[in-house]
Amino acid sequence: MKFIDEFRDGDLARHLAAGIVREARTDRVYRLMEFCGGHTHAISRYGLTDLLPPAVRMIHGPGCPVCVLPIGRIDQAIRLALEQGVMLCSYGDCLRVPASSGLSLQQAKAHGADVRMVYSISDAVQLAQQNPQHDIVFLAIGFETTTPPTAVAVRQADALGLKNFSVLCNHVLTPAAMRAILAIDGVQLDGIVGPAHVSTVIGSRPYETFAADYGKPVVIAGFEPLDVLQAILMLLRQINGARAEVENEFTRAVTRDGNHKAQALIEAVFEMRDSFEWRGLGSIPKSALKLRAAYARFDAEARYGVDYRAVPDRPGCECAAILRGEKRPRDCRIFATACTPEDPVGSCMVSPEGACAAHYTYGRFREQE
Amino acid sequence: MKLDLRNGRVEMGHGAGGRAMAQLIAELFAKLLGNDYLAQGDDGAVLPALPGRLVMSTDSHVVSPLFFPGGDIGSLAVNGTVNDVTVMGARPLYLAAAFILEEGYPLAELRRIVESMARAALAAGVLVVTGDTKVVEKGKGDGVFISTTGVGVAREGVTLSGKQARPGDSILLSGSIGEHGTAILSQRAGLAFDASIVSDCAALNGLVEAMLDSGAELRVLRDPTRGGLASTLNELAQQSAAGMLLDEAAIPVIPAVAAACEFLGLDPCYVANEGKLVAICAARDADRLLEVMRRHPLGQNAALIGEVIADSHAFVQMTTRIGGRRILDWLSGEQLPRIC
């Protein structure tokens with residue numbers, strides 16, 4: 001497949017890996033965090049760690065939208081579907097996240113809730129048009145990548161005069177999460193593989209302050225295996241050269257200033273929440289978005305009066321520490337025993353981008369070695 | 001009154017056991033699927049004695065949409081069961097077919113389905129010897145469900161089973177994967193996309209005959225349908241209590257399927273096939289068997305994709321395209337699309 005296979009080429013991968021081995025000093029360890037779930041998935045899916053020298057350690061970051069959504073947010077969606085009888089639309093990943101009282105959206109569906117998986121929020125708008133007698137709520141989650149489509153859908157619903165469509169808005173902001181990680185006391189990180197798709201929207205500029213304030217190099221990378229390897233090599237060169245800059249490996253899609261049109265859409269439809277609770281990272285000020293007052297009638301939270309109630313993680317679940325990069329999946333007592341993709345306890349075991357699911361699905365043979 | 005096969009619809013009476021049902025059977029099923037056994041018209045078909053061990057398999061078909069590029073529920077119902085009997089090393093001979101029809105379903109479409117079954121049965125060399133029709137009220141079915149049961153005779157001296165893979169054996173795949181599943185997905189409401197992907201739905205008995213004729217030491221045959229190649233290999237690994245090591249680059253995937261899966265966030269290894277098989281054989285016979293498979297139209301793109309290894313965890317592992325290693329795991333739940 002053109003423009004895909006080129007970035008999965010085995011010979012080039014070995015060539016890059018050899019470069020990494022040459023660059024890596026043997027008297028130290030390089031702790032690199034790949035921020036995005038997309039990178040975590042690529043690393044596991046292609047077995048990239050097999051190509052890296054032992055000195056390079058990849059730490060999975062919090063950039064998996066399903067993983068950082070606290071249980072209480074899924075509870076809100078379930079309450080809307082079960083108690084208020086709305087048709088709840090969501091991206092597939094969200095359906096299996098375990099929430100309170102042993103329910104997930106999928107299980108709520110089995111209990112009679114009308115829960116639909118959609119590929120795009122525009123499908124939810126279409127459902128609203130086709131089912132004027134039903135209230136349609138879209139569970140909007142994700143970083144800056146999925147935010148512009150939500151903005152488009154809200155404006156479209158507004159233009160169509162739809163009265164039965166609203167959004168349960170949980171859009172969160174990447175730079176806020178990255179700052180929260182870097183601000184953790186004693187955080188052991190030498191560099192960050194920066195977001196791919198998110199950066200196409202926000203550009204590379206927002207990360208510059210991290211490089212400056214925290215002295216950590218950032219290399220923005222695409223989601224293909226060669227992108228990740230190239231970014232690791234670039235990070236090693238920065239670290240060895242005692243530099244801390246924002247570099248862009250993903251130049252085929254990311255510019256310094258990002259996508260102005262998408263940014264303008266976000267700006268027009270959303271405004272900053274004062275604070276938002278993240279799974280694993282706790283409440284972070286100015287880290288998430290809500291609909292502007294002009295679009296308040298599309299805000300499901302206000303419209304149905306479903307307030308957010310914080311819920312602690314299930315006992316034994318280490319999702320929080322894993323999302324902060326402090327623990328690895330194998331450090332969790334219930335990994336692969338009580339918590340599996342079939343019966344997930346924590347959100348990191350649900351999404352294929354979650355650190356635990358990726359390690360379980362692709363890498364658990366390493367436990368035996 | 002003649003059955004209106006052009007504009008008529010399935011009515012509750014078509015399953016009630018009375019004259020309407022007799023008419024539907026006579027003018028549609030018996031006419032299109034006709035053979036001496038079906039024509040006996042009794043409660044069951046009386047078949048001649050068969051030499052050797054019998055293999056029997058059953059499968060219910062509930063595909064949506066009922067018609068898709070490369071096939072329909074009719075051809076699927078025939079080929080699916082023919083293949084299940086075939087991969088046991090048997091020659092499929094007879095099929096029983098049970099139809100559950102939804103009230104209101106157009107008879108013209110039902111005729112297309114039964115015609116397609118007749119063509120598929122003819123191509124596979126099997127006879128539909130007995131059947132059943134039930135009608136459920138409108139809204140209680142999805143148009144047409146077809147359940148088929150097949151009987152065949154196992155070839156003498158051939159014993160195939162998922163338990164027989166041994167470390168060192170070769171794993172062969174008869175062709176490119178993921179075509180049936182993506183063809184179906186491309187037609188699904190809410191997901192319709194333009195793709196020139198055609199289901200691989202086909203009867204594999206001809207290919208298997210040729211493989212058995214080759215004299216290669218075959219241990220396992222299985223058709224990777226629901227759950228795709230990955231699920232089938234995990235089943236076999238577990239049954240045989242052995243691991244597998246695959247070479248990702250050796251697994252054939254046509255560009256259109258690769259592109260559709262890329263776009264939808266799916267892995268072709270988990271997407272259904274309806275005309276492919278996995279063969280596990282002694283390593284020394286792999287080349288010979290591969291050559292035989294490639295000479296058959298349904299095995300032209302056959303490939304050696306890996307080997308069976310000793311592994312008490314029965315992991316199916318894969319050397320990735322870029323030289324790393326990973327597990328090719330069981331599918332957990334339905335394959336859900338990724339969101340970003």
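This is a predicted model: local features need pLDDT of at least 70, side-chain atom pairs count only at pLDDT 80 or more; totals for chains, interfaces and linings use all residues.
Of the 369 residues in chain A, 60% are buried, where buried means under 20% relative accessible area, exposed means over 50%, and partly exposed lies in between, with a 1.4 Å probe and protein chains only. For chain B, the buried residues make up 54% of 340. Residues are numbered from 1 along each chain as its sequence is written, chains are lettered from A and ligands numbered from 1 in the order in which they are written, and side-chain values use heavy atoms, with hydrogens and water left out.

Let me turn to the overall architecture. Chain A has 15 helices and 13 strands; helices (H or I, at least four residues) and strands (E, at least two) are DSSP runs, numbered from the N terminus. Its radius of gyration is 21 Å, close to the 21 Å that the globule rule gives for 369 residues, so chain A is as compact as a globular protein of that length. That radius is taken over C-alpha atoms, and the rule is 2.2 Å times the number of residues to the power 0.38. Along the principal axes, the C-alpha atoms of chain A fill a box of roughly 65 × 45 × 45 Å.

Chain B contains 9 helices and 13 strands. Here the radius of gyration is 21 Å, close to the 20 Å from the globule rule for 340 residues, so chain B is likewise as compact as a globular protein of that length. The corresponding box for the C-alpha atoms of chain B is roughly 70 × 55 × 35 Å.

Next, contacts, surface and charge. A contact means heavy atoms within 4.5 Å. Among the contacts in chain A with a separation of 6 or more, 76% are between residues 24 or more positions apart; in chain B that share is 84%. The accessible surface of chain A comes to about 14,300 Å², with 50% belonging to carbon and sulfur atoms. Chain B exposes about 14,500 Å², and carbon and sulfur atoms supply 51% of it. These areas come from the Shrake-Rupley method with a 1.4 Å probe; for residues, only the protein chains shown count as cover.

Chain A carries 40 positive and 42 negative side chains, and the centres of the two sets lie 1 Å apart. Lys and Arg count as positive and Asp and Glu as negative, without His and the chain ends, and each charge is placed at NZ of Lys, CZ of Arg, CG of Asp or CD of Glu. In chain B, the mean positions of 29 positive and 38 negative charges are 2 Å apart.

I now come to the aromatic rings. A:F143 and A:W278 form a tilted pair, 5.9 Å centre to centre with 50° between the planes. A:F143 lies in the loop between β5 (136–142) and α7 (147–160), and A:W278 in strand β11 (residues 275–278), so this pair ties together parts of chain A that are 135 residues apart in sequence. Both partners count as buried, A:F143 at 3% relative accessibility and A:W278 at 1%.

A further pair, A:F335 and A:Y360, is edge-to-face, at 6.1 Å centre to centre and 75° between the planes. A:F335 sits in the loop between α14 (319–323) and α15 (355–363), and A:Y360 in helix α15, so the pair ties together parts of chain A that are 25 residues apart in sequence. A:F335 is buried at 8% relative accessibility, as is A:Y360 at 11%. Finally on this topic, A:F35, A:F143 and A:W278 form one aromatic cluster.

Some backbone details remain. Most residues other than glycine have a negative phi, and most peptide bonds are trans. A:S101, not a glycine, has a positive phi of about 45°; this residue lies in the loop between β3 (87–90) and α5 (105–110) of chain A and is exposed, with a relative accessible area of 69%. A:A336 has a positive phi of about 65°, and counts as partly exposed at 34% relative accessibility. In chain B, a cis peptide bond joins B:S64 and B:P65, with omega about 0°.

Conventions: Rings of Phe, Tyr and Trp (its six-membered ring) pair if their centres lie within 6.5 Å; planes under 30 degrees apart count as stacked, over 60 as edge-to-face and the rest as tilted.
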